[in-house]
Amino acid sequence: MRNWHGERIWYGADYNPEQWPEETWAEDVELMRRAGVNLVSVGIFSWALLEPAPGRFEFGWLDRALDLLHDGGINVDLATATASPPPWLAHRHPETLPRRADGTILWPGGRQAYCPSSPVFRERSLALVEAVAGRYADHPAVVMWHVSNELGCHNVHCYCDVSAEAFRRWLRERYGDLDALNAAWGTAFWSQRYHDWAEVNPPRSAPTFANPTQQLDFLRFSSDEQRAQLRAEREVLTRLTTQPVTTNFMIGTGIKYLDYHSWAADVDLVSNDHYLTAADPQPQLGLALAADHTRGVAGGDPWLLMEHSTSAVNWQPRNVAKTPGQLRRNSLAHVARGADGVLFFQWRASRAGAEKFHSALVPHAGPDTKVFREVCRLGADLQALAEVRGSRVDADVAILFDYEAWWGAELDSHPSVDVTYADRLTALHGALWRAGVTADVVHPSTDLSRYRLVLVPTLYLVRDADADALRRYVEAGGSALVTYFSGIVDEHDHIRLGGYPGAFRDLLGVRTEEFFPLRAGESVRLDDGATADVWTEWLHAEGAEVLAAYADGPLPGVPALTRQAVGAGAAWYLGTRLDDAGTDRLVARLLTEAGVRPAATAPEGVEVVRRRSGDRSWLFVINHTDTEARLAVAGAELLGGGRCDGELVVSAGEVAVVREETRARPA
Ligand code: GAL
Ligand code: ZN
């Protein structure tokens with residue numbers, strides 16, 4: 001692993017000088033310096049300019065841009081420029097264009113119009129990486145390499161003949177022979193048995209539900225194909241350069257098909273792009289979840305926020321602008337949750353092209369704007385927070401997350417379309433957020449021993465080893481909560497027989513004989529006063545204590561919430577979809593039992609997170625409300641104030657970061 005840490009927190013944006021006349025560049029650098037920017041990503045979509053014809057490179061403009069940035073003291077995260085192929089590639093090699101499941105060709109004119117399995121694309125893109133890396137390996141501005149851009153954002157699933165052939169190769173590798181594939185795919189069903197590899201295809205548009213294991217394997221294959229591009233580019237960079245290598249992940253509940261837990265091994269640092277869901281009345285919760293997940297992917301290490309927006313984006317139905325102060329709260333929430341750098345898309349708002357209505361650090365209206373003033377303020381904030389860099393985030397709770405479980409849980413022909421993977425993940429994480437408790441969102445294969453509480457939402461697909469690890473964790477004294485539609489299938493999407501929730505039945509001391517999903521809009525009451533909807537199940541407590549049962553609905557008297565003591569720990573099961581109030585109460589109970597305390601006791605709507613390094617700690621307090629907040633905290637205020645003696649006052653919408661006086665961690 002190449003070390004990416006500097007002396008400061010990185011601050012900057014994607015910078016696309018090729019969209020502007022060179023006269024503008026000098027002003028760009030001047031404004032960057034004014035804003036405290038110290039890192040820009042350059043060249044991400046520059047392929048068509050850098051290589052105007054196959055094998056003919058024109059680096060002059062990029063030489064001048066990098067030199068200018070260097071003279072201005074701005075560092076560069078240099079792109080391999082492979083993100084979007086130039087029009088000549090598809091013109092000469094139409095076979096590189098991707099196809100949808102129904103055979104539709106996706107043409108150039110947008111971006112990322114290439115088949116991820118195309119050997120032609122691979123060859124041409126690596127030739128470009130060789131050329132760029134060879135030329136700029138020793139350029140003094142370059143401190144980091146940026147492979148491609150959001151690999152798989154638009155072209156993750158390609159169903160063309162080239163991809164079909166690659167899929168067959170991948171399957172041969174996985175299964176060895178057709179008998180094993182037939183067994184794994186359960187092809188005795190619906191006359192699907194394969195007798196020749198040539199008969200096997202991606203799950204192209206079919207008259208009805210495609211084989212679920214075929215679908216699942218195609219999703220695995222597709223994530224692996226994108227990852228292969230990352231690995232191939234990194235291999236070139238490793239050979240030719242010395243700077244750390246990253247690529248921007250898209251961790252969040254909106255991007256489903258790239259298994260970033262497996263990709264993390266292929267970068268020197270994890271970086272992530274995150275955009276608020278404008279329609280969400282509390283987008284800070286989704287932001288926190290994405291950041292906690294990014295940190296989980298990074299193994300708890302600091303990570304880099306490669307992109308977010310200063311204000312509105314352009315690609316949602318209604319692109320709500322950020323209110324004054326929101327940019328700062330968003331950015332510092334990422335830092336609180338482990339980001340050692342805050343970058344945006346993009347430096348200067350484009351004048352032309354599909355993203356011209358996307359916000360930037362320098363808006364169309366220029367620097368005399370709310371956005372640019374906030375950008376400058378944030379630059380100063382990040383300088384003041386330099387000492388936080390390299391520290392880790394305190395988290396006593398883990399939430400298990402597995403992309404394969406997500407893919408499996410949301411395949412078609414399931415008991416209820418209302419059961420979605422992100423639903424309980426978001427609900428449980430939201431309850432922790434409201435309780436002031438930070439969680440790491442980690443893969444089930446993570447060592448859980450350092451956590452006091454583990455939450456397991458909708459882990460539909462689970463491997464034996466991961467289910468065993470959860471059992472050992474509980475036996476050793478841990479607390480765990482498993483929610484409905486977990487443990488149902490093995491890695492081939494085959495049901496674990498004997499009653500649900502299969503893999504976790506013994507651990508939880510329950511056995512479900514039948515699912516009873518609810519109708520749209522239908523809800524049930526529990527005998528502890530809670531209400532729930534979407535899902536119920538005919539559950540038998542077989543060893544577990546019943547904490548709540550249904551008071552009405554299809555299954556009156558049947559257990560809905562259970563707890564079983566196991567070894568030195570406890571395993572809880574929730575068989576229904578509690579509303580937010582009920583979820584908050586359940587989570588509060590679990591936190592008490594597990595001895596987990598909030599980072600600080602804070603008023604409602606005030607986000608509190610602690611970073612720590614050795615015996616030093618910093619408390620981030622983000623006031624999302626429109627009233628002043630008061631908290632019991634003692635230490636030096638790194639933002640805004642001097643000292644706070646016992647009581648910290650944070651104005652409405654503001655953020656405070658305090659270097660704490662004493663070790664706040666409970667013994
Ligand atoms: C990201 C992408 C950027 C830009 C941005 C707009 O998906 O990496 O290039 O398109 O979104 O929000
Ligand atoms: Zn293809």
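Glutamate 150 puts a polar side-chain atom 2.3 Å from an oxygen atom of ligand 1. This is a predicted model, where local features need pLDDT of at least 70, side-chain atom pairs count only at pLDDT 80 or more, and totals for chains, interfaces and linings use all residues. Residues are numbered from 1 along each chain as its sequence is written, chains are lettered from A and ligands numbered from 1 in the order in which they are written, and side-chain values use heavy atoms, with hydrogens and water left out.

| Side chain | Distance to an oxygen atom of ligand 1 |
|---|---|
| Glutamate 150 | 2.3 Å |
| Glutamate 307 | 2.7 Å |
| Tryptophan 315 | 2.8 Å |

On its own, ligand 1 has 310 Å² of accessible area (Shrake-Rupley, 1.4 Å probe), and the protein covers 95% of that. The residues around it, each with a heavy atom within 4 Å, include Phe45, Arg111, Asp273, Tyr275, Phe345 and His358. Sort the shell by type and you get 4 nonpolar, 2 polar and 5 charged residues; Ala, Val, Leu, Ile, Met, Phe, Trp, Tyr, Cys and Pro count as nonpolar, Asp, Glu, Lys and Arg as charged, and the others, Gly among them, as polar.

Glutamine 346 sits in the loop between β9 (339-344) and α12 (370-384). Helices (H or I, at least four residues) and strands (E, at least two) are DSSP runs, numbered from the N terminus. Another cis bond links tyrosine 500 to proline 501, with omega about -10°, and proline 501 is in the loop between β14 (479-483) and α16 (505-508). Alanine 81 has a positive phi, near 70°, in the loop between β3 (75-79) and α4 (87-92). Most residues other than glycine have a negative phi, and most peptide bonds are trans.

Now for a sheet. Six strands form an open, antiparallel one in the order β10-β23-β24-β29-β26-β27, where pairing takes at least two DSSP bridges. β10 (392-393) and β27 (643-644) are the edges with a single partner strand each, so one side of each has no neighbour in the sheet. Further in, β24 (616-623) and β29 (655-660) pair over 5 bridges, with valine 621 opposite alanine 656 in β29. Helix α11 (326-336) lies across β10, β23 (606-613), β24 and β29 (contact means heavy atoms within 4.5 Å). The helix runs at about 150° to β24, using axes fitted to C-alpha atoms, for helices over the stretch in contact, and angles from 0 to 180 degrees between N-to-C directions.

Notes: Polar contact = N/O pair within 3.5 Å; in protein donor to acceptor, adjacent residues only side chain to side chain.
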